[in-house]
Amino acid sequence: MDGANVVEPGFEDAIKEVEAVVAEFDERTKDEHQSQREKNLALYAALERAFVFHNTWGDKPQYADLLQRKGVKAAARGKKASRFLPTVKAFFDPDLDGFAPIDEDGKAAKNRRQKAVSTYSAALELAAAKRPNDVAAFIEDVRGVEEARKLWGQLQSETDEAKKAVAEAKETRQKTFDAGLAALMATKTASLPRDEALKGKVALAAVYFDDAGVAHFLGTPAEDDSKTLLEKFVIANAPEKAKSKRGRKPGTLNSNSSKTALDRLLKLFNASKLSQTKVMIKIINGEDGCEVRVSQNSRNTCMLKARLIRQDYLPPGTYWFGTRAIGFMKKFALLGKFGAKFTIDGPSELDSVRATVAITATNYDAAVAAYDEAKSIKWSERDLVPGTTSYITRGEDSLTVRFETVIDKMARVEVDEAKWATVPLEGAFADWYAATLGIAKDKADSRLRKAIHGEATLMKVTAHEWALLDEQGTIEPVHHFTSPIGDGKLATEIKVAAGEIQAAIKSVKELAPGGEVTLSLVNKLVRVSAATDRNAAEIFIPSQTNNKRHAEYTVFEPVPVAST
């Protein structure tokens, strides 16, 4: 059976869907009572359906049958002809290819029709390049199909010029390389030289292999030129254990080591993360310090509270960040690696529903150009605020984006401080922790590995001892406290997600570097904390039961009412 005649399920339905929205557009165009905006929106909706159809069926055998059925030429003409043109003609003007004008009016009508399908196709090309979530909204945001056609033309021109510039740069570099190699070949030797100045050092050497495979020494690059490459080569050959520990120092949120304000804010987010994927982060930054709160709008949540010194990269004010906004901010921050500099303009809006923060990137155009040259998928501002561009403001070589978060209730823990049974992570307890809860996966035996690195970790803690449990019972070793902790009455079983306590310890160390880490407990609740005279952080981890958190101590703060 000829595969081109096989109708795949859904193909005809997809055709009918596009034809229906195109018919609606035609009807609105003819209706005098319809506003121009309503007509435009109908057009954008029809183009979106054609866009989806083309991307779904354009490379299938049935597509050729559709074009034949509609009387549309399969191939678009011209070097820069749009791939969407046959699809647009098939649905919006299937008679165009067969229309033969007999007079000047007919020729003018055909030119208008050709321009229309060409404009529609260009709008879809721009959408394909920018990859918006909503094609119809995207076309409206760029002020219609005519403006989209102009933007697509500019993008094509810029792309062609950029490709030409890259090709010319590569050609020039290759010519320079060939000339340099020729000069070095004139001084080549068959053996490595002796150099007392390099005694006890590591150096990078350039060698040339001739047609017989014999190596010829060409020389050593200047140290400044070769240092990075040499270090990369040597480090790559280091044992894994050495790699994992090289150069690591306790992190600090208050240093200026990060390049931009956005980098430092994202570093704070990373240090404040909980085991849940979706969270709300509230930051109150003032002259006297910075308060950070993290939770979900749910009783099924862990919670973080930190009191830090003032974050100097963050203007004073109250900020709210949801998981979605943070994801877009991370995307924006990628330009920092390509030369963009970021400043945070502070909370630009706050009411009982939503909060926004404006972040500005300078040196933006150069950073985008560098990003596009380095990446296979080009930079798109639409990825920062899908669905609308109204939150984006262009400046001279800058871009400001307002990231929006829908405000939600924050959860917190209420426990009388006197009820906590506290254990400092030091001495014999720290040794036990390292051999049990903190043990690496490859260092643990099978039973301990399953208990620590499986799906969940079960513990029994009393005023006298701390033990790990599994289906077989108690796992040795058990830590015995030298004296009862708390009021001497604690006795609880706690189940947490695998790695949850370890991650919390890492977080509080980053938020309060140099502070003593302590683990505190009440029934079905663990608190991991660290504090110095400058910073303090604590994470609350309620025990799990049937995939729900123990909520005895969890309360909610009301959503704030309008404030600026």
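**Figure 1. Arg-113 and the ring of Phe-99 in the predicted model**. The charged end of Arg-113 lies over the aromatic ring of Phe-99, at 4.9 Å from the ring centre.

**Figure 2. Lys-409 and the ring of Phe-556**. Here the charged end of Lys-409 sits over the ring of Phe-556, and its distance from the ring centre is 5.0 Å.

**Figure 3. The aromatic pair of Phe-429 and Trp-466**. The structure contains 17 aromatic pairs. One of them joins Phe-429 and Trp-466 in a tilted arrangement, with 5.3 Å from centre to centre and 45° between the planes. Phe-429 belongs to helix α13 (residues 427–435) and Trp-466 to strand β14 (residues 465–470); the two residues are 37 apart, and their pairing links distant parts of the chain. Phe-429 is buried because its relative accessibility of 4% falls under the 20% cut-off. Trp-466 is also buried, its relative accessible area being 0%.

**Figure 4. A cluster of aromatic residues**. Phe-11, Phe-53, Trp-57 and Phe-91 are joined into a cluster by ring pairs.

**Figure 5. A nonpolar patch on the surface**. The patch is formed by Leu-192, Val-207 and Phe-209, which together have about 320 Å² of accessible area. Val-207 is located in strand β1 (residues 206–209). With a relative accessible area of 39%, Val-207 is classed as partly exposed, because this class lies between the limits of 20% for buried and 50% for exposed residues.

Technical notes
Residues numbered from 1 in each chain as written. Predicted model: local features only at pLDDT ≥ 70, side-chain atom pairs only at ≥ 80, totals over all residues. Heavy atoms only, no water. Phe/Tyr/Trp six-rings, centres within 6.5 Å; stacked < 30°, edge-to-face > 60°. Helix = DSSP H or I, 4+ residues; strand = E, 2+ residues; numbered from the N terminus. Buried < 20%, exposed > 50% of the residue type's maximum accessible area, 1.4 Å probe, protein only. Lys NZ or Arg CZ within 6 Å of the ring centre and 35° of its normal. Patch = residues over 30% accessible without salt bridge, like charges linked within 9 Å, V, L, I, M, F, W, Y side chains within 5 Å. Areas by Shrake-Rupley, 256 points an atom, 1.4 Å probe, with all protein chains shown as cover. Salt bridge = Lys/Arg side-chain N within 4 Å of Asp/Glu carboxyl O.
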